[in-house]
Amino acid sequence: MIHISSATEMHELGARIGAQLKPADVILLNGALGAGKTVLVQGIAQALGISGVTSPTFVISKIYDAPLPLIHVDVYRLLESNKVALFLDDLDLDTDRENAVTVVEWGGAESARLSDERLEITIDRSDEVRNVSFNCVGKRWAGFSA
């Protein structure tokens, strides 16, 4: 577990994670509203040479072009539908995923089926300090360290 006390530290954590990413990597982010998920994604994006990342809450999915592209998905609005898996299929994420990094905010069990090899990150903001924990799923993430 990593303790984060500022947006700058969250951004830096994202950059450290982003520096380790490869094509077809999948990251699932979970945490309450305002926990810092998008700030973490902005750090990941910076490491990939991407700027201007915003939360795709209303558009659901955004693709950022770069040598290693970023597919940024926010399924928050889909959670209310009780049909998240169906809507994830409609997004056609498989089209570009093999050549890109996919980061899913609010990536629960429905999103886990996107890959058997994924990094699951949970941000707990029960107080001023964010506690960031990692669940490394599959061989790809064996030995991962942020």
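In this predicted model, seven strands come together in an open sheet with mixed pairing, and reading across it gives the order β1-β7-β6-β2-β5-β4-β3. The edge positions belong to β1 and β3 (61–64); each has a single partner strand, so one side of each is left without a neighbour in the sheet. On average, and ignoring direction, neighbouring strands are turned by 20° against each other.

The link between β6 and β7 is a hairpin of five residues. Elsewhere in the sheet, β4 and β5 show the parallel sense of pairing, with five bridges between them, and H72 stands opposite V103 of β5.

Two helices can be followed against this sheet. Helix α2 packs on the sheet through contacts with β2, β4, β5 and β6, and its direction makes about 155° with that of β2. Helix α1, in turn, lies across β1, β2, β6 and β7 and runs at about 140° to β1. Which residues of α2 (residues 37–47) are buried? They are K37, T38, L40, V41, G43, I44 and A45. The cover over these buried residues includes α1 (7–18) as well as the strands β2 (26–31), β4 (70–74), β5 (101–105) and β6. Just past the end of α2, G49 adopts a positive phi of about 85°.

A positive phi also turns up at A24, where the angle is about 80° although the residue is not a glycine. A24 sits in the loop between α1 and β2. Its relative accessible area is 24%, so A24 counts as partly exposed.

The loop between α2 and β3 contains P56. Is P56 buried or exposed? With a relative accessible area of 1%, P56 is buried. Leaving aside residues up to four places away in sequence, P56 touches S61, K62, H72, V73, D74 and E105. One of these contacts, D74, lies 18 residues from P56 in sequence, yet the two C-alpha atoms are 5.7 Å apart in space.

D74 deserves a look of its own. This residue belongs to strand β4 and is buried, yet it has no salt bridge. The nearest side chain of opposite charge is that of K37, 6.9 Å away, whereas a salt bridge would need a side-chain nitrogen of Lys or Arg within 4 Å of a carboxyl oxygen. K37 is itself among the buried residues of α2. What does join the side chain of D74 to that of S55 is a polar contact of 3.2 Å. Taken together, D74 is a buried acidic residue without a salt bridge, with P56 among its contacts and S55 as a polar partner.

Notes: Residues are numbered from 1 along each chain as its sequence is written. This is a predicted model: local features need pLDDT of at least 70, side-chain atom pairs count only at pLDDT 80 or more; totals for chains, interfaces and linings use all residues. Side-chain values use heavy atoms; hydrogens and water are left out. Two strands pair if DSSP finds at least two bridges between them. Helices (H or I, at least four residues) and strands (E, at least two) are DSSP runs, numbered from the N terminus. Buried means under 20% relative accessible area, exposed over 50%, partly exposed in between (1.4 Å probe, protein chains only). Contact means heavy atoms within 4.5 Å. Axes are lines fitted to C-alpha atoms, for helices over the stretch in contact, and angles run from 0 to 180 degrees between N-to-C directions. Lys and Arg count as positive and Asp and Glu as negative; His and the chain ends are not counted. A polar contact is a pair of N or O atoms within 3.5 Å; within protein, one must be able to donate a hydrogen and the other to accept it, and residues adjacent in sequence count only if both atoms are side-chain atoms.
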